[in-house]
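Here is a short note on the aromatic rings of this model. Please read it with the structure open.

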Amino acid sequence: MTGHVLVLICEVHPLMFVSHHITRSDIISTVEFNCSGELLATGDKGGRVVIFQREQESKNRLLSRGEYNVYSTFQSHEPEFDYLKSLEIEEKINKIRWLPQQNAAHFLLSANDKTIKLWKISERDKRAEGYNLKDEDGRLRDQFRITTLRVPVLMPMDLMVEASPRRIFANAHTYHINSISVNSDYETYLSADDLRINLWHLEITDRSFNIVDIKPANMEELTEVITAAECHPHQCNAFVYSSSKGTIRLCDMRAAALCDRHSKFFEEPEDPSSRSFFSEIISSISDVKFSHSGRYMMTRDYLSVKVWDLNMENRPVETYQVHEYLRSKLCSLYENDCIFDKFECCWNGSDSAIMTGSYNNFFRMFDRNTRRDITLEASRENSKPRAMLKPRKVCTGGKRKKDEISVDSLDFNKKILHTAWHPKENVIAVAATNNLYIFQDKIN
Amino acid sequence: MFSKGTKRKFSDGGEEISDESLLGARVASSYSLQRQSLLDMSLIKLQLCHMLVEPNLCRSVLIANTVRQIQEEMTHDGSWHMVTEAFCSAGQSPSERLVATEVLCRSREQDAEPKLFSVISYEGCREEEVVADETLCSVSVSDTVSNVCLAGRMGQCWEKSELSGVERDEEALEDSRLGSGEDEEIDTEDGASTESPKTIGQVFGTFEIKNGSPGPDSALEELFSDVDTSYYDLDTMLTGMQSAPKMGPYDLLDSLAPSHSSPSIVSTPNCRSDLNELDHIMEIIVGS
């Protein structure tokens, strides 16, 4: 796969054909592939989860890999009302994380602002027939009609996919949950809100351990919040969390029960020449992701993506500008609140490329080896099925070339905040408001 | 963008004003206007934050930090002098301005809970931001009319800072910058609540309250802390919509930046009718 990705980006060869474009009734708020890439889960503002499953490859369609079709849909969270505080709790799904598959069923964690739920998604393709006490349609049989005893037999039926909530982890977060992350021990997971991070055991719902607490004694002294957190992919004792001040802390759970003191502190020194009143806001990290190798981590702030080597705390090893042309527009973006948009980022399976979203339904991919980058657009008008995606370019000044878009005509309501990359292949899922796009590259 | 441009000091009167320094003055003044506009916008955002049922904490923290930065810078280069000028040049006379503020500052009953202050006072501010407001209000220090009303709020502010005993650079700076005039204010004012005030208008304190974690406050304060939030909810329900903030300092903001108004500024309702509404609501809640 690695060689393939290099070719993909190196030749600025865009991804080809739109495999799927789905319009939802609600804004998509999270997208996540499972560990094998066979399933793709999306959560939306209405508290629903829709899971897509990849079709098995068909020998007849040589040029295509499997398409993603709807596998299961269920209502994960409902709107709640907290009577004590007179507050409504949104049902919007903030994050979905899959558990590694251990048997035939699939498990995922879904979180809204306050509650995390463990869902079991299982298939049923057989049903028992020939019950003694009830009819085929479920009605109870008259007792005196039962004259013989029989053993029910399993008969095949149409595939049914059922989702059932197995655990509900509630009442542990005072503030809004922004991250959940499954630990590599497959027994625990962490959940983070603005000020605290809790560690849960997947089997235990009535208590959790608080492992980070940055709430000051006096709330007036609050100047920094937690923005994202993730467990290390291999070391079950390590996790990171990012802050609104652009810092990342790596913590070791072996060091203390309360990991308020970090093991490592990552911060890039500020460039004094570019300091402005917006410096802090744009340095706020909206997403942090470990590489699959566990050696690096990636952070997304408003204008850039940075790759950090876990062994070097004083600066990132790579910095990629996502939309530097917005730097001169920060005041307007502050006014319309776009400056607070939280973009996510993701690695490809081999950690050789990274992807993140932007405005105007643009998303960006960067090849770490060749340092090439590409801007693509997720929109129905520009993506016909099986057609190549055309690279896009934003004109930053001077004469606008044909096919370029000027900064002022960018649509800031069309933002791509959530993207996901298949863990093994070059298949990506891009959420554009209430539309989901799945792109994959053509095999040559 | 908002990077700091080269600023020159205003030439003192009596010297020849060269072209260069004129240009410098213009650049500085344009920067100050921009900065003021940003401050206004930020304060409005913070106030609007409070109108929402459960504001986004991260966003509020970032905006509050921005306000603090601006206020620090304004304090550093003493540009609150310019704010003074703008203030005085506003259409309304300073005394009228201050009366409006006074009516808002003073509660109906003399010994009303400090919570009431925070309900009607500059809700959107943390301690540092109150200083910003004070910076703006400190105009009154030099005026003779001023002292009565604003003293009440400022006194509480300083009381608060003394009580908390937190040593912070900003406070030290404020002390030195704004001079000992403040202390005099505390001495001369009367009618300020004798109860130890919960901090005026806490952005994050309100979060605290909303989230129900009990502090070390007296039961009475807690009662009123509940009143605080339910006031907003009640207000929202009564008016049936997100109403504009009914804050006195809104007038101040408007008057201070008369030449440019941020498009996001919501029109300010009449303060007096809001007070009547407030009284009415308080009656319902307190059951008097």
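1. Start with the cluster. Tyr302(A), Phe343(A), Tyr359(A) and Phe412(A) form one aromatic cluster. The model is predicted: local features need pLDDT of at least 70, side-chain atom pairs count only at pLDDT 80 or more, and totals for chains, interfaces and linings use all residues. Residues are numbered from 1 along each chain as its sequence is written, chains are lettered from A and ligands numbered from 1 in the order in which they are written, and side-chain values use heavy atoms, without hydrogens and water.

2. Over all chains there are 16 aromatic pairs. Rings of Phe, Tyr and Trp (its six-membered ring) pair if their centres lie within 6.5 Å; planes under 30 degrees apart are stacked, over 60 edge-to-face, the rest tilted.

3. Phe343(A) and Tyr359(A) pair edge-to-face, at 5.3 Å centre to centre and 90 degrees between the planes. Phe343(A) is in the loop between α3 and β24 of chain A, Tyr359(A) in the loop between β25 and β26, so the pair ties together parts 16 residues apart in sequence. Helices (H or I, at least four residues) and strands (E, at least two) are DSSP runs, numbered from the N terminus.

4. Phe343(A) is buried at 0% relative accessibility. Tyr359(A) is buried too, at 2%. Buried means under 20% relative accessible area, exposed over 50%, partly exposed in between (1.4 Å probe, protein chains only).

5. Phe363(A) and Phe439(A) are stacked: 5.7 Å between centres, 20 degrees between planes. Phe363(A) lies in strand β26 and Phe439(A) in strand β32 of chain A, so this pair links parts 76 residues apart in sequence.
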